[in-house]
Amino acid sequence: MSQLEAILELHIKGFGLTPPQKEFRFHPKRRWRFDFAWQESKFAVEVEGGAWVNGRHTRGKGFANDLEKYHEAMALGWLVYRCDGELIKSGRAIGVIRQLLHERQLTI
(Lines give C-alpha, C1' and ligand atoms only; values in the text may rest on other atoms or scores of the structure.)
Protein backbone atom coordinates (compact mmCIF):
# COMPACT_ATOMS: atom_id res chain seq x y z
CA MET A 1 0.00 0.00 0.00
CA SER A 2 1.36 3.39 -0.97
CA GLN A 3 1.56 6.32 1.43
CA LEU A 4 -1.29 8.07 -0.42
CA GLU A 5 -3.46 4.96 -0.19
CA ALA A 6 -2.74 4.77 3.55
CA ILE A 7 -3.81 8.40 4.02
CA LEU A 8 -6.99 7.82 2.06
CA GLU A 9 -7.72 4.69 4.09
CA LEU A 10 -7.45 6.79 7.28
CA HIS A 11 -9.92 9.29 5.82
CA ILE A 12 -12.33 6.47 4.94
CA LYS A 13 -12.12 5.12 8.49
CA GLY A 14 -12.33 8.60 10.01
CA PHE A 15 -15.62 9.32 8.26
CA GLY A 16 -17.03 5.95 9.27
CA LEU A 17 -17.57 4.71 5.73
CA THR A 18 -18.12 1.04 5.08
CA PRO A 19 -14.63 -0.43 4.74
CA PRO A 20 -13.75 -1.12 1.11
CA GLN A 21 -11.96 -4.15 -0.20
CA LYS A 22 -8.34 -3.30 -0.96
CA GLU A 23 -6.58 -4.51 -4.10
CA PHE A 24 -9.87 -5.93 -5.33
CA ARG A 25 -9.65 -8.00 -8.51
CA PHE A 26 -12.74 -6.95 -10.46
CA HIS A 27 -12.31 -8.56 -13.86
CA PRO A 28 -13.22 -12.22 -14.47
CA LYS A 29 -10.23 -12.89 -16.76
CA ARG A 30 -7.66 -10.12 -16.35
CA ARG A 31 -5.59 -9.53 -13.23
CA TRP A 32 -6.63 -5.90 -12.91
CA ARG A 33 -7.26 -4.63 -9.40
CA PHE A 34 -8.77 -1.54 -7.86
CA ASP A 35 -6.99 0.19 -4.98
CA PHE A 36 -10.30 0.38 -3.08
CA ALA A 37 -13.63 -1.19 -4.03
CA TRP A 38 -17.12 -1.39 -2.62
CA GLN A 39 -18.15 -4.50 -4.52
CA GLU A 40 -21.86 -4.42 -3.66
CA SER A 41 -22.11 -0.85 -5.03
CA LYS A 42 -19.72 -1.41 -7.92
CA PHE A 43 -17.84 1.70 -6.85
CA ALA A 44 -14.05 1.87 -6.96
CA VAL A 45 -11.32 4.35 -6.14
CA GLU A 46 -7.98 4.45 -7.89
CA VAL A 47 -5.12 6.46 -6.37
CA GLU A 48 -3.00 7.87 -9.16
CA GLY A 49 0.57 8.49 -8.06
CA GLY A 50 3.70 9.35 -9.98
CA ALA A 51 2.19 12.02 -12.23
CA TRP A 52 5.01 14.48 -11.56
CA VAL A 53 7.89 12.01 -11.66
CA ASN A 54 7.18 10.39 -15.03
CA GLY A 55 5.69 7.32 -13.38
CA ARG A 56 4.55 4.23 -15.27
CA HIS A 57 0.92 5.36 -15.40
CA THR A 58 1.76 8.67 -17.09
CA ARG A 59 3.89 7.29 -19.93
CA GLY A 60 2.33 6.16 -23.21
CA LYS A 61 1.99 2.40 -22.69
CA GLY A 62 1.06 2.64 -19.02
CA PHE A 63 -1.50 5.34 -19.73
CA ALA A 64 -3.04 3.28 -22.56
CA ASN A 65 -3.16 0.19 -20.32
CA ASP A 66 -4.96 2.17 -17.62
CA LEU A 67 -7.50 3.39 -20.17
CA GLU A 68 -8.17 -0.22 -21.17
CA LYS A 69 -8.63 -1.17 -17.51
CA TYR A 70 -11.09 1.68 -16.87
CA HIS A 71 -12.91 0.93 -20.13
CA GLU A 72 -13.46 -2.69 -19.10
CA ALA A 73 -14.47 -1.68 -15.56
CA MET A 74 -17.13 0.67 -16.86
CA ALA A 75 -18.35 -1.96 -19.35
CA LEU A 76 -18.90 -4.21 -16.31
CA GLY A 77 -20.95 -1.50 -14.58
CA TRP A 78 -18.30 -0.06 -12.25
CA LEU A 79 -18.06 3.62 -11.36
CA VAL A 80 -14.37 4.47 -10.95
CA TYR A 81 -13.18 7.60 -9.15
CA ARG A 82 -9.55 8.54 -9.79
CA CYS A 83 -7.70 10.83 -7.42
CA ASP A 84 -4.16 12.04 -6.82
CA GLY A 85 -2.11 13.13 -3.83
CA GLU A 86 -3.33 16.72 -3.88
CA LEU A 87 -6.99 15.68 -3.83
CA ILE A 88 -6.33 13.20 -1.03
CA LYS A 89 -4.23 15.48 1.18
CA SER A 90 -6.60 18.44 0.78
CA GLY A 91 -9.59 16.33 1.85
CA ARG A 92 -11.39 16.92 -1.42
CA ALA A 93 -11.14 13.26 -2.45
CA ILE A 94 -12.90 11.91 0.63
CA GLY A 95 -15.70 14.42 0.14
CA VAL A 96 -16.33 13.19 -3.39
CA ILE A 97 -15.97 9.55 -2.34
CA ARG A 98 -18.58 10.01 0.40
CA GLN A 99 -20.98 11.66 -2.04
CA LEU A 100 -20.52 9.14 -4.84
CA LEU A 101 -20.66 6.15 -2.52
CA HIS A 102 -23.88 7.43 -0.97
CA GLU A 103 -25.44 8.10 -4.38
CA ARG A 104 -24.26 4.75 -5.75
CA GLN A 105 -25.74 2.84 -2.79
CA LEU A 106 -29.08 4.52 -3.35
CA THR A 107 -29.22 3.57 -7.03
CA ILE A 108 -28.03 -0.05 -6.89
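How many bridges join E3 to E4, and do these strands run parallel or antiparallel?

**Orientation**

This is a predicted model, in which local features need pLDDT of at least 70, side-chain atom pairs count only at pLDDT 80 or more, and totals for chains, interfaces and linings use all residues. Residues are numbered from 1 along each chain as its sequence is written, and side-chain values use heavy atoms, with hydrogens and water left out.

Display the whole protein as a cartoon. The protein contains 4 helices and 4 strands; helices (H or I, at least four residues) and strands (E, at least two) are DSSP runs numbered from the N terminus. Along the sequence the pattern reads α-β-β-β-α-β-α-α. Of the 108 residues, 37% are buried, where buried means under 20% relative accessible area, exposed over 50%, and partly exposed in between (1.4 Å probe, protein chains only).

**Stop 1: strand E3**

Select E3, residues 43-47. Two strands pair if DSSP finds at least two bridges between them. E3 and E4 are joined by 5 bridges and run parallel; within E4, Arg82 is the bridge partner of Glu46. E2 and E3 run antiparallel, with 3 bridges between them, and Trp38 has Phe43 as its bridge partner in E3. The hairpin of E2 and E3 has 4 residues between the strands, and Lys42 there takes a positive phi near 50°.

Next, show the side chains of E3. Phe43, Val45 and Val47 point one way, whereas Ala44 and Glu46 point the other way. Of the 5 residues in E3, 5 are buried.

**Stop 2: the largest nonpolar core**

A nonpolar core is a set of buried Ala, Val, Leu, Ile, Met, Phe, Trp, Tyr and Cys residues joined through side-chain atoms within 4.5 Å. In the largest one, of 16 residues, select Leu8, Trp38, Val45, Cys83 and Ile97, which touch the most other members. Two or more residues come from each of helix H1 (3-14), E2, E3, strand E4 (79-83) and helix H4 (92-107). H4 gives the most, with 4 residues.

Center on Ile97. Beyond its neighbours within four places in sequence, Ile97 is in contact (heavy atoms within 4.5 Å) with Leu8, Leu17, Trp38, Phe43, Val45 and Tyr81. Another core, of 10 residues, lies apart from the largest one and includes Phe24, Phe34, Ala37 and Tyr70.

**Stop 3**

Select Asp35 in strand E2 (residues 33-38).

Move to Glu48, in the loop between E3 and helix H2 (60-75). Glu48 counts as buried because its relative accessible area is 15%. Its side chain makes polar contacts of 2.4 Å with that of Tyr70 and 3.0 Å with that of Arg82. A polar contact is a pair of N or O atoms within 3.5 Å; within protein, one must be able to donate a hydrogen and the other to accept it, and residues adjacent in sequence count only if both atoms are side-chain atoms.

**Stop 4: Leu106**

Finish in helix H4 at Leu106. Leu106 counts as exposed because its relative accessible area is 63%.
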